[in-house]
Amino acid sequence: PAPLAEHGPAQIIAMCNQKGGVGKTTSTINLGAALAEYGRRVLLVDFDPQGALSVGLGVNPMELDVTVYNLLMERGLTADEVLLKTAVPGMDLLPSNIDLSAAEVQLVSEVARESALARALKPLLPDYDFVIIDCQPSLGLLTVNALTAAHSVIVPLECEFFALRGVALLTETIEKVCERLNPDLRLDGILATMYDSRTVHSREVLARVVEAFGEHVFHTVIGRTVRFPETTVAGEPITTYATNSVGAAAYRQLAREVLDRCRPAE
Ligand code: ADP
Ligand code: MG
């Protein structure tokens, strides 16, 4: 990809699937790091009270005084009071911890409760090329906030037997948000994760996913490898932890696909 002469405004991507353990957080970190390698300015938003994205970037969520929660709920707080630089040049993090679980309840009584995150992110958009929101495994108000803020959605699907179960509910939610809150939202892609080419099973699941979603499925398929759990322990992306690995190459390929698909509408 060509380097950029100038940066922003950012394309916002929600990494979303209400099923846990499908590779949302792993894909957020590694797609972000790969985009940053290509010279894009990237902001990762930890929007899961579990704080796994923060942990995966070497941040201890328990030690944070301010998080994305404060940015959502407190007027007058600016993003640079919450932003953390990561070890990856050009990639920043809006961290989160268990405090965020209160927002789900507290936002209910707010005016424009679905657009709190969009409001909080708006001042940051000129500074970045991509914002990637790591959603929690639910379709609750926090996830609706992510979908309302986003231009596009990436849905990681684990190449496992029940992968497609629940996807209809997710696409319905995306359609509703599109109708009522964010007409520009599009399903950018289905990302097959944890693919094991040695098993017939993985191949069958992938074939069914392609049958169901056609051109929405990214050509990039993320293979299953122990390297990914290792990176979580190391607190860094696979692109720096194992820079020449198959996993790092896969996320670089995904980044190139995203750069092709996410051209900003002029
Ligand atoms: P989610 O955010 O959807 O819950 P994670 O990204 O946290 O999912 O992944 C769940 C677990 O699976 C983590 O331990 C992660 O390290 C591991 N994992 C993610 N992607 C892969 C992969 N391609 N191969 C093997 N393990 C993976
Ligand atoms: Mg996660």
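Select P9 first, which is placed in the segment before β1 (11–15), where helices (H or I, at least four residues) and strands (E, at least two) are DSSP runs numbered from the N terminus. The peptide bond from G8 to P9 is cis, with omega near -5°. This is a predicted model, in which local features need pLDDT of at least 70, side-chain atom pairs count only at pLDDT 80 or more, and totals for chains, interfaces and linings use all residues. Residues are numbered from 1 along each chain as its sequence is written, chains are lettered from A and ligands numbered from 1 in the order in which they are written, and side-chain values use heavy atoms, with hydrogens and water left out.

Next, go to A112, in the loop between α4 (100–106) and α5 (116–121). A112 is not a glycine, yet its phi is positive, at about 50°. Most residues other than glycine have a negative phi, and most peptide bonds are trans.

To follow individual atom pairs, display the side chain of T26, in which an N or O atom is 2.6 Å from an oxygen atom of ligand 1. Backbone N or O atoms also approach ligand oxygen atoms, at 3.0 Å for V22 and at 3.3 Å for P229. The protein covers 78% of the 560 Å² of accessible area that ligand 1 has on its own, by the Shrake-Rupley method with a 1.4 Å probe.

Finally, select N17, K19, V22, L157, E158 and A163, which line the largest cavity; on a 1 Å grid over the protein atoms alone, a cavity is a set of points where a 1.4 Å probe fits but cannot get out, and lining residues have an atom within 4 Å of a point. This lining has three nonpolar, one polar and two charged residues. The largest cavity holds about 30 Å³ of space, a volume being the space filled by probe spheres set on grid points that are joined across faces, edges and corners.

Terms used: A polar contact is a pair of N or O atoms within 3.5 Å; within protein, one must be able to donate a hydrogen and the other to accept it, and residues adjacent in sequence count only if both atoms are side-chain atoms. On a 1 Å grid over the protein atoms alone, a cavity is a set of points where a 1.4 Å probe fits but cannot get out, and a pocket is an open set with protein on both sides within 12 Å along at least five of seven lines; lining residues have an atom within 4 Å of a point. Ala, Val, Leu, Ile, Met, Phe, Trp, Tyr, Cys and Pro count as nonpolar, Asp, Glu, Lys and Arg as charged, and the others, Gly among them, as polar.
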